[in-house]
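Reader: I'd like to go through this one label by label. Can you show it to me and tell me what each word rests on?

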Amino acid sequence: TDVRMCAESNPDPSATTRKLPVADRVVRQRGQERRLGGIVFNPCTIPPNHLVDTFVEVVETGVLTYVKAEHCCNRSQEVKAFKTEPTVPTDALGMPKIGTKQTDASCEAISELKLRAAWQRKNLLMDPAGLATFELIESWTQYPFTLLLKEQPKGFAKISFQQLVGCDKHM
């Protein structure tokens, strides 16, 4: 029954994800900043809060969820997307209802550099959630990019962008 409910539930992870308390989120973030001295933490490198909640839920439920690179925006992009747009939908009787529509936070991951930055933010998300240490998951992420920079032998094709994304899905 649990598997069926998870499979039939809303595919949008942010709609059903339990929010991590702010105090707990801050403690985890500060601990990560102390441990990872080589990374500059600012709003452009800090991952979004809603994805931290998603990865904490993955650890708590044991149900893996694939997070696309386009959803691994930074905290400043999440804050900008949090601004709601006023809408005036109508209810079943045709009466107008004033409401707000929140836009989804997303980022571009259309080049290798942007993809690498999105994956680094995803790696930073897994660490405070307890899913994997940043060092471990970063070494796995670094490997395909190392192969991407290698010169290919004559007669072999260069690694494509889609192969990088497929590698992330598989991992």
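Predicted model: local features only at pLDDT ≥ 70, side-chain atom pairs only at ≥ 80, totals over all residues.

Reader: Which residues is Asn 123 in contact with, leaving aside its neighbours within four places in sequence?

Author: Arg 116, Phe 134, Ile 137, Glu 138 and Thr 141. Asn 123 itself lies in helix α6, residues 112-129. Helices here are DSSP runs of H or I with at least four residues, strands are runs of E with at least two, and both are numbered from the N terminus. The protein chain has eight helices and two strands.

Reader: What makes Asn 123 count as buried?

Author: Buried means under 20% relative accessible area, exposed means over 50%, and partly exposed is in between, using a 1.4 Å probe and protein chains only. Asn 123 has 2%, so buried is the word. Of the 171 residues in the chain, 32% get that label.

Reader: Why is the pair of Trp 119 and Phe 145 called edge-to-face?

Author: The count comes to one aromatic pair. The ring centres of Trp 119 and Phe 145 are 5.5 Å apart and the planes sit at 75 degrees, so the pair is edge-to-face. The rule: rings of Phe, Tyr and Trp (its six-membered ring) pair if their centres lie within 6.5 Å, with planes under 30 degrees apart stacked, over 60 edge-to-face and the rest tilted. Trp 119 is in helix α6 and Phe 145 in helix α7 (residues 134-149), so the pair ties together parts 26 residues apart in sequence. Trp 119 is buried at 3% relative accessibility, and Phe 145 is buried at 8%.

Reader: Which residue does Asp 53 form a salt bridge with?

Author: Arg 25, with the closest N and O atoms 3.1 Å apart. Asp 53 lies in helix α4 and Arg 25 in helix α3, so this pair ties together parts 28 residues apart in sequence. Asp 53 is buried at 3%, and Arg 25 is buried at 14%.

Reader: Is Phe 41 buried or exposed?

Author: Buried: its relative accessible area is 19%, so Phe 41 falls under the cut-off. Phe 41 sits in the loop between α3 (22-35) and α4, and touches residues including Gln 29, Ile 46 and Leu 124.

Reader: And what makes Leu 64 exposed?

Author: Leu 64 has 72% relative accessibility, so it counts as exposed. Leu 64 lies in the loop between α4 (49-61) and α5 (75-82).

Reader: What label does Cys 167 get?

Author: Partly exposed, because its relative accessible area is 36%. Cys 73, by contrast, is buried at 0%.

Definitions and conventions:
Residues numbered from 1 in each chain as written. Heavy atoms only, no water. Contact = heavy atoms within 4.5 Å. Salt bridge = Lys/Arg side-chain N within 4 Å of Asp/Glu carboxyl O.
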